[in-house]
Amino acid sequence: MSAVAVDPRLARAFRFYETTVGKKVIMAATGLILFGFVIAHLLGNLQIFLGDPQILADYAHKLRAIPALLWAARITLLLAVLLHIWAAVQLARLKIDARPVSYRKRRAVGSTYASRTMYWSGPIIAAFVIYHLMHFTWGTALPGFQELRPHENVVLGFRSVPASLVYIAAMVLLGLHLHHGLWSMFQTLGVSHPRYTPALKRFAAAIALFIALGNISIPVAVMAGLIR
Ligand code: HEM
């Protein structure tokens with residue numbers, strides 16, 4: 001008999017996580033947190049179109065006004081990313097274990113192009129985020145980086161065509177990832193009904209398109225000389 005007493009609620013939570021549904025709930029909840037960040041980040045970044053570099057500088061200062069809050073948000077985001085990846089790996093393993101002998105011919109029955117891209121778009125987006133932090137947060141990948149001058153850094157960064165193309169490609173993948181991810185999230189969290197399925201699918205596609213195009217508009221505008 002084990003000498004360690006485990007809180008029954010904790011044990012129940014662990015047993016729930018062990019199920020496929022439990023892992024999908026983790027994917028959906030952490031995905032929702034990351035989606036919230038991506039939307040808020042995009043809306044903040046779109047202020048660059050207002051044209052005054054001081055607007056983004058003030059915004060960056062405001063975000064840092066309460067360090068404890070900033071770090072709580074950063075730690076929450078980091079934990080969400082790690083749990084999202086962890087649950088994805090576990091779900092992939094469960095899928096492989098459930099079908100030890102692979103089909104001779106792969107057939108995409110009932111899966112969309114976006115759903116089949118999830119397992120490779122996810123790691124590429126994670127790699128993009130690391131490059132992005134080196135580019136605009138730490139400045140290690142941007143010669144001439146200025147601390148707390150996001151407008152100038154973004155213009156400097158996107159004057160490089162290869163860097164802009166990396167961003168545009170990553171945003172196309174992010175759009176595909178969100179398209180399927182949002183729709184999966186609605187299903188896992190129970191926000192789905194046969195009557196509303198087409199509308200919810202259109203909604204997920206529209207948000208994913210808005211996020212991809214909104215982000216892409218920034219490097220494109222810099223390269224076109226519309227943002228200086
Ligand atoms: C063209 C699109 C984007 C632009 C122009 C952009 C711009 C920036 C800038 C200027 C910063 C530094 C802000 C500061 O120091 O105050 C930043 C930070 C960051 N960005 Fe982006 N970003 C873009 C897309 C994305 C996307 C798609 C993601 C996630 C998938 C992302 C994730 C982050 C993260 C995690 C940080 C660090 C936030 C922190 O300081 O804790 N960004 N971005």
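Residues are numbered from 1 along each chain as its sequence is written. Because the model is predicted, local features need pLDDT of at least 70 and side-chain atom pairs count only at pLDDT 80 or more, while totals for chains, interfaces and linings use all residues.

**View 1. The protein chain has eight helices and zero strands.** Helices (H or I, at least four residues) and strands (E, at least two) are DSSP runs, numbered from the N terminus. Along its principal axes, the C-alpha trace spans about 65 × 50 × 35 Å. Of the 228 residues, 19% are buried, that is, 20 or more other C-beta atoms, placed from the backbone, lie within 10 Å of the residue's own.

**View 2. Helix α1 (residues 8-18) crosses α2 at roughly 90 degrees, and their axes come within 4 Å.** Axes are lines fitted to C-alpha atoms, for helices over the stretch in contact, and angles run from 0 to 180 degrees between N-to-C directions. Phe-16, Tyr-17 and Glu-18 in α1 meet Gly-22, Lys-23 and Ile-26 in α2; two residues are in contact if their C-beta atoms, placed from the backbone, lie within 7 Å. By class, this contact has three nonpolar, one polar and two charged residues. Ala, Val, Leu, Ile, Met, Phe, Trp, Tyr, Cys and Pro count as nonpolar, Asp, Glu, Lys and Arg as charged, and the others, Gly among them, as polar.

**View 3. The shell around the ligand comprises 19 residues.** Ala-60, Phe-136, Pro-150, Asn-215 and Ile-218 come nearest. Elements giving two or more residues to the shell include α3 (53-63), α6 (150-158) and α8 (197-223). Helix α5 gives the most, with five residues. Twelve residues of the shell are nonpolar, six polar and one charged.

**View 4. The largest nonpolar core has 16 residues.** Such a core is a set of buried Ala, Val, Leu, Ile, Met, Phe, Trp, Tyr and Cys residues joined through C-beta atoms within 7 Å. Among the residues with the most contacts inside this core are Met-171, Leu-174 and Ala-212. Helices α2, α7 and α8 each give two or more residues to the core, and α7 gives the most, with eight. Apart from this core lies another, of seven residues, among them Ile-48, Leu-56, Val-154 and Ile-227.

How values were computed. A residue is near a molecule or strand if its C-beta atom, placed from the backbone, lies within 6 Å of it. A residue is buried if 20 or more other C-beta atoms lie within 10 Å of its own, exposed if 12 or fewer, and partly exposed in between; C-beta atoms are placed from the backbone.
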